[in-house]
Amino acid sequence: MAQAATPVTPPEWMNASYFESILRKSEHDPNLTVSDVEITPIGKPGEYLASQPFRVTVDYVSSVKPDTKQIKLVVKTLPEKGVISEGSLHIQLFQTELKMYGEYLPKMKRVLDEGERSLLLPRYLHGTEKPNRVIVLEDLAPDGWKGHDLIESYEEAKPITIAIARFHAASFYLSKNKTDFGSFQTDAFKRKDPVVEWMFSNNLKAFVKALRTWKGYEHIADPLERTVEDYHERLHNIYCCETPGRTYNVLNHGDFHPKNLLHQFNDEGAIVDSRFLDFQASCWSSPAIDLYYLLNIIVPYKVKANHKDDIIAFYHKEFTSALKAIGYLGSIPTMVDLQTELLRNAYLDLLHLTCFLPFRYIDFTKIPPEQLATGQIGNPGLENEEYLAIAKELLPGFLHKGILEALVHQTKDRELKVTDVHLALHGDASQQYASTIYRACVSYQSSKKVETVSLIVKLVASKVNSITDESSFETELSVYREVLGKMESILGDTKLIFASNEPVRHMLLEDLTHRQFVFGKTLLNSESSTVVVKKLAQFHAVSYSMSNSNTLSNGLFKAKPSDGVKFMMENFGVFTEQLSSWEGYTNYAERFRQLQPTFLERGIKIYTAAEDFSFQVLNHGDFHYNNMAFKQTADQKGFADVLFFDYQLSCWTTPAVDLLYFLYLVCDRKTREEHRQELVQIYHQEFTDTLSRAGFIGKTPSLLNLHCDLVRAGFLEVVIAVCFMPFLFADYDQAINVYGDEADAQAYRRKLYNREEYRALLEPLLPRFLHLGYLG
């Protein structure tokens with residue numbers, strides 16, 4: 001059995017004379033006298049690693065009123081021994097808290113009070129570094145504030161979420177009004193402070209060692225172990241305020257866990273108000289720091305699993321509300337900005353799971369923390385069944401999100417003579433939105449031999465030309481002539497035979513059927529979708545390695561909207577009108593109504609604002625299953641290869657464009673909902689491998705970069721779901737009318753939006769779009 005920790009005793013200087021000198025200043029009474037002092041340590045021995053707090057009851061007599069009074073205090077001193085007292089970190093933590101109470105917290109409280117948004121703080125009586133480092137606060141326990149363990153429900157988590165949102169908002173406001181928070185930084189990660197090494201390096205190594213014994217999780221151990229080598233750099237980037245790509249900074253509490261919270265309870269024992277204490281680790285950085293503490297350390301996993309999006313959305317709503325209440329007139333960080341920060345800093349989420357969460361399952365009455373810190377005993381939390389179930393459920397998601405890293409020839413015969421031509425419309429004319437496509441079988445005589453060749457003939461003119469504009473032909477021609485030829489060795493794509501503007505714009509392409517390819521007819525399962533996403537990654541990677549592909553800038557959204565974009569804008573309005581009639585969706589309809597004036601602007605930004613995204617590639621631009629041909633496997637049960645065609649909307653922008661098309665217009669619902677993260681990871685791995693095969697020596701975008709770009713392009717996800725997905729259910733016997741301005745066409749589109757199948761797809765997406773900030 002582990003040896004019990006030695007009880008903490010107060011230092012000798014903490015006596016009646018000491019408190020008398022403090023109270024004479026705080027109570028503005030130079031003749032005040034202390035008659036009695038009672039001091040008890042707070043918490044179990046070793047429970048507080050960064051400080052040693054005491055609860056002090058002081059009886060005193062005022063010279064103004066001779067009656068004996070009593071005041072209850074909390075006194076914080078530095079620990080005299082333990083892992084935290086090694087090195088200089090404990091001194092930095094104390095200095096940070098002293099600065100917070102003495103200068104910054106009063107400013108933040110004043111700003112929030114003026115906006116009628118309270119920030120609850122304990123009364124600060126005294127703080128100094130010499131002769132002893134100490135902070136003296138008024139104890140909140142007499143007013144009914146109590147500590148608690150985990151917050152067990154979403155409703156009870158709201159008060160502390162409000163408190164941290166207001167705290168962040170006040171700092172953000174002050175930073176825009178000549179208050180510098182840049183000094184709230186730490187070098188502890190960069191210099192590998194002993195405390196940091198214990199908290200992260202040692203615990204991460206212990207987790208990896210345990211992970212190697214978990215059946216079915218061996219493949220995760222290696223990438224996780226690789227992060228041990230650079231964990232300090234990753235953490236430094238998370239906590240640094242100047243990390244490239246940072247969307248915005250706030251002042252984080254920084255050590256946001258249950259032992260630093262106090263609550264008020266109602267008669268039923270439910271939490272009705274919350275506040276936080278202990279500002280030793282406050283830092284100017286991404287709001288993701290405090291939010292991951294909230295989601296991982298303050299609430300139990302069941303609350304996070306069921307209400308993560310709700311908590312984030314509630315936080316952002318209160319953050320925005322507080323900024324407006326205190327008079328902030330600048331640009332407020334959006335929900336997309338916040339989601340991007342959470343994605344970019346998700347390594348902290350992983351460390352909470354692997355390094356912090358196991359401690360929740362340890363009985364510290366039996367195991368002193370010092371023995372864990374010094375490695376005298378292993379971490380029993382790693383063997384707890386409840387913890388194992390949580391870790392095994394969450395770990396694959398980190399891997400998928402990237403938090404862990406790593407006529408085939410033209411004849412030269414001038415005597416060639418065509419003897420017969422057979423033309424047939426390819427597919428259904430009603431589904432040919434951007435061009436009219438024919439399949440041609442051409443018989444010809446060359447060198448006294450009769451040959452036959454299969455071709456695809458594309459005419460730019462279409463009866464349903466609702467997407468492209470006058471630049472589409474030149475865009476596709478440029479892709480075939482300048483890009484795909486260079487990709488042939490890797491992609492083996494469709495070959496251009498001939499193109500001309502006379503008598504009309506048209507091009508002749510290789511017909512893929514002679515290579516045993518069949519054309520796409522339906523959405524794909526996960527196995528077939530994997531084939532497609534790998535080929536897409538190859539296409540993107542080769543374009544990324546080329547220097548001249550960025551001359552292609554067509555795409556769906558342009559400053560001068562095509563008829564297709566006008567059609568989508570109209571459909572957006574039709575959808576909003578229908579959504580308002582769905583029971584329980586009035587608030588969503590209002591959100592969509594507010595998006596309509598900026599529909600075009602938001603779309604253009606995705607296709608043109610290079611600075612908003614981590615990297616750019618040549619996108620297909622119209623990436624759905626109708627623009628693909630597949631080679632079946634030998635057993636005819638799946639696909640072994642895929643080729644793409646129809647590059648009229650190709651454009652140089654974030655790969656999120658093609659990936660979002662892929663998720664909604666190539667993958668079936670089950671695949672998208674159950675394998676989305678996995679498919680994105682597969683894409684990134686193939687993208688990286690292709691760059692390596694191509695001999696690319698530049699910087700390879702990370703999987704995390706890709707996930708962030710998918711969030712930033714989230715409005716396109718909404719557009720695809722609203723403007724394209726309904727037509728998956730269209731009856732194409734009537735589809736010619738669907739795209740017109742006639743009353744029957746509009747009526748038919750209304751029916752599409754109200755189809756049971758479409759609503760079943762869309763309704764689960766709406767909360768996701770809202771929580772990710774796509775509707776704001």
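Buried means under 20% relative accessible area, exposed over 50% and partly exposed in between, with a 1.4 Å probe and protein chains only. The views below show a predicted model, in which local features need pLDDT of at least 70, side-chain atom pairs count only at pLDDT 80 or more, and totals for chains, interfaces and linings use all residues. Residues are numbered from 1 along each chain as its sequence is written, and side-chain values use heavy atoms, with hydrogens and water left out.

View 1. Cys240 counts as buried because its relative accessibility is 14%. A disulfide is a pair of cysteine sulfur atoms within 2.5 Å, and the whole structure has zero of them. For Cys240, the nearest cysteine sulfur belongs to Cys241, 5.2 Å away. Cys283 is in no disulfide either, with the sulfur of Cys241 nearest at 9.7 Å. Cys283, at 3% relative accessibility, also counts as buried.

**View 2. The largest nonpolar core.** A nonpolar core is a set of buried Ala, Val, Leu, Ile, Met, Phe, Trp, Tyr and Cys residues joined through side-chain atoms within 4.5 Å. The largest one has 103 residues, and Phe167, Phe276 and Phe319 have the most contacts inside it. Helix 3 (residues 154–175) gives the most to this core, with twelve residues; helices (H or I, at least four residues) and strands (E, at least two) are DSSP runs, numbered from the N terminus. Another core, of 87 residues, lies apart from it and includes Cys651 and Tyr683.

**View 3. Surroundings of Phe319.** Contact means heavy atoms within 4.5 Å. Leaving out residues up to four places away in sequence, Phe319 touches Ala165, His168, Ala169, Phe172, Tyr248, Val250, Ile332 and Pro333.

View 4. Strand 4 is joined to strand 5 (residues 134–138) by four bridges, and Tyr124 has Leu137 as its bridge partner in strand 5.

**View 5. Helix 14, residues 563–579.** This helix of 17 residues reaches 24 Å from its first C-alpha to its last, close to the expected 24 Å, which is 1.5 Å times one less than its number of residues. Twelve of the 17 residues are buried, so helix 14 is largely enclosed by the rest of the structure. Among the buried residues are Phe567, Met568, Phe572 and Phe575.

Technical notes: Two strands pair if DSSP finds at least two bridges between them.
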